[in-house]
Amino acid sequence: MENKSSFLAVDLGATSGRTILGTLENGVVELQELTRFDNTIIEVSGHYYWDIFALYNEIIKSLRFISKQGIYIQSIGIDTWGCDFVCFGDDGGILRNPLSYRDPHTAGAMERYFAEKIGKEEVYNATGIQLMNFNSLFQLYIMRRNNDAALRNSDKILFIPDALSYLLTGVSVCEYTVASTSQLLNPVLAELDERLLASVGLRRNQFGKKTFPGTVIGMLTPEVQNMTSLGSIPVVSVAGHDTASAVAAVPASNKNFAYLSSGTWSLMGIETEKPIINAESFRRNFTNEGGVESTVRFLKNICGMWIYERCRQEWRDEAGVGHAELQQAALQAAPFRSLINPDDARFANPESMTKAIRSYCEATRQPVPETHAEVCRCIFESLALRYRQVFNDLQELANFPIETLHIIGGGSRNELLDQFTANSCGIAVMAGPQECTALGNIMLQAKAAGIVDDILTMRRMIAQSVQLTCFEPQDTALWEAAYQRFLNITK
């Protein structure tokens with residue numbers, strides 16, 4: 001690869017967003033962060049919303065910056081979190097800022113849906129998706145039940161990355177990977193399920209055209225070109241779900257690997273050619289989400305760095321609460337003093353995360369963590385033990401031997417948690433790259449441009465471009481005893 005090619009990745013997470021310039025040259029990809037901004041949940045009248053207009057404006061600002069700097073990009077790709085969506089009217093306008101998956105209106109919605117509409121096991125068999133109350137199906141159900149005005153007047157319903165692409169191009173699509181998070185998509189047919197749509201009063205034609213990663217959606221509209229002083233640049237449908245983009249960039253040397261996408265959420269899984277939907281996957285509540293090149297991401301959602309991030313927010317005005325300082329302090333704290341189930345409902349969105357942790361420990365008759373170090377040690381050890389629990393399930397359900405665990409995303413920088421995960425799971429951990437989501441986004445744009453042929457080429461190029469760190473298991477007996485205690489506490 002002799003010529004230089006540059007692409008813009010818009011990577012939007014549940015707490016912040018970034019735009020990243022990716023440049024491919026001589027078989028190596030390099031990233032440069034251009035802009036970074038907050039993605040803040042807005043609370044109004046008891047509901048939590050995303051500010052879709054602010055996110056769109058940040059994209060426009062980044063395009064203006066590119067224009068002013070004289071940077072030439074071949075295309076733009078957008079990835080975001082899953083499940084949430086935007087309602088558009090028949091005039092193409094946004095009817096209201098989209099509700100956040102953390103909105104409390106979905107509390108109990110899943111159980112009501114099963115009682116009134118379609119049974120739990122039948123929904124899982126149709127979608128293969130982990131049953132969680134914030135999945136799009138249950139959001140739509142409770143909105144319909146509450147006679148939500150935005151839903152009632154919707155002409156189009158677009159998932160978040162598709163909605164932003166629509167604002168840039170005027171073309172509505174339904175990208176496969178982000179649609180697969182909704183509990184509306186049949187993973188065998190790779191298409192939205194008409195019966196599930198009908199159960200919430202919707203039709204397939206209210207969603208965009210089915211699109212797979214690495215497909216050009218359309219060109220920037222004349223309005224956007226005028227606003228940004230850019231030309232007719234294509235917007236590419238990458239893997240719209242950020243985890244799908246991240247998994248596409250796992251620098252694995254073969255197929256016998258598991259991945260842990262570590263960020264606000266932790267997502268642990270494997271890559272398969274076909275969905276795994278059976279009694280055991282249903283009992284253990286695993287999910288089958290869309291991947292690139294018709295693969296399936298068989299995985300489990302785990303509450304990840306969210307707990308740690310919220311604690312750090314509470315401590316932000318105190319000295320000694322930098323990430324490196326907290327890691328070092330946690331390393332010095334007594335091991336396995338207190339353990340929590342990171343997926344317990346009380347940690348979903350409490351007013352005070354530290355109080356929620358202490359309440360859990362009191363309720364389970366454990367020593368209550370008091371210092372920052374004790375709280376952090378509790379969080380990191382509990383996450384690593386929860387990872388072990390899910391990893392054990394994956395080993396049983398996979399049809400191949402898992403030889404390596406790749407930790408990717410921002411959490412891969414947490415060396416203490418990386419080592420704890422290797423110790424807990426008893427397997428070699430390869431940490432990095434941190435920027436897997438942006439790398440996957442960029443490489444899928446490169447595929448759409450005909451620069452790379454397939455996912456194997458993508459992964460090989462990424463492996464040549466990044467530095468990985470290996471963590472080998474340590475203190476196996478201690479972690480085995482801690483795991484048994486974790487199971488007793490969390491059962």
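How many bridges pair E13 with strand E14 (residues 234–237), and in which sense do the two run? Let's walk through the model and find out.

First, some ground rules. This is a predicted model, where local features need pLDDT of at least 70, side-chain atom pairs count only at pLDDT 80 or more, and totals for chains, interfaces and linings use all residues. Residues are numbered from 1 along each chain as its sequence is written, and side-chain values use heavy atoms, with hydrogens and water left out. The names work like this: helices (H or I, at least four residues) and strands (E, at least two) are DSSP runs, numbered from the N terminus.

Now for that question. E13 and E14 are antiparallel partners, held over four bridges; strands count as paired if DSSP finds at least two bridges between them. In this pairing, Thr215 stands opposite Ser237 in E14. Both strands belong to an open sheet of six strands with mixed pairing, in the order E3-E2-E1-E6-E14-E13. Its edges are strand E3 (28–38) and strand E13 (215–219), each pairing on one side only. Ignoring direction, neighbours in this sheet are turned by 25° against each other on average. Axes here are lines fitted to C-alpha atoms, for helices over the stretch in contact, and angles run from 0 to 180 degrees between N-to-C directions.

What about the record? UniProt, in an unreviewed entry, places the feature "domain: Carbohydrate kinase FGGY N-terminal" at residues 8–247. UniProt positions are given in the numbering used here, feature names are shortened, and annotations may be inferred rather than shown by experiment. In the model, the end C-alpha atoms of residues 8–247 are 19 Å apart, and the span is 34% helix and 26% strand.

Next comes the other sheet, which is open and has seven strands in the order E17-E18-E16-E15-E19-E20-E21, again with mixed pairing. Strand E17 (287–290) and strand E21 (469–471) sit at its edges, each pairing on one side only. Here neighbouring strands are turned by 30° on average, direction ignored. Look at the E21 end: strand E20 (residues 429–431) runs antiparallel to E21, joined by three bridges, and Ala431 faces Thr469 in E21.

Time for helices. Two packed helices are described by the angle between their axes and the distance between the axes. For helix H17 (residues 436–448) and helix H18 (residues 455–465), the axes come within 11 Å and cross at roughly 130°. That makes H17 oblique to H18, since angles under 35 degrees count as roughly parallel, over 145 as roughly antiparallel, 65 to 115 as roughly perpendicular and the rest as oblique. Leu439, Met443 and Leu444 in H17 meet Met458, Met461 and Ile462 in H18, where contact means heavy atoms within 4.5 Å.

Finally, find helix H15 (residues 372–397), which packs with helix H13 (residues 323–332) at an angle of about 85°, their axes 8 Å apart. H13 is therefore roughly perpendicular to H15. The H13 side of the contact includes Leu326 and Ala329, while the H15 side includes Cys376 and Phe380. Helix H12 (residues 306–314) also meets H15: their axes come within 10 Å and cross at roughly 165°. H12 is therefore roughly antiparallel to H15. Ile307, Tyr308 and Cys311 of H12 make this contact with Val375, Cys376, Ile379 and Phe380 of H15.
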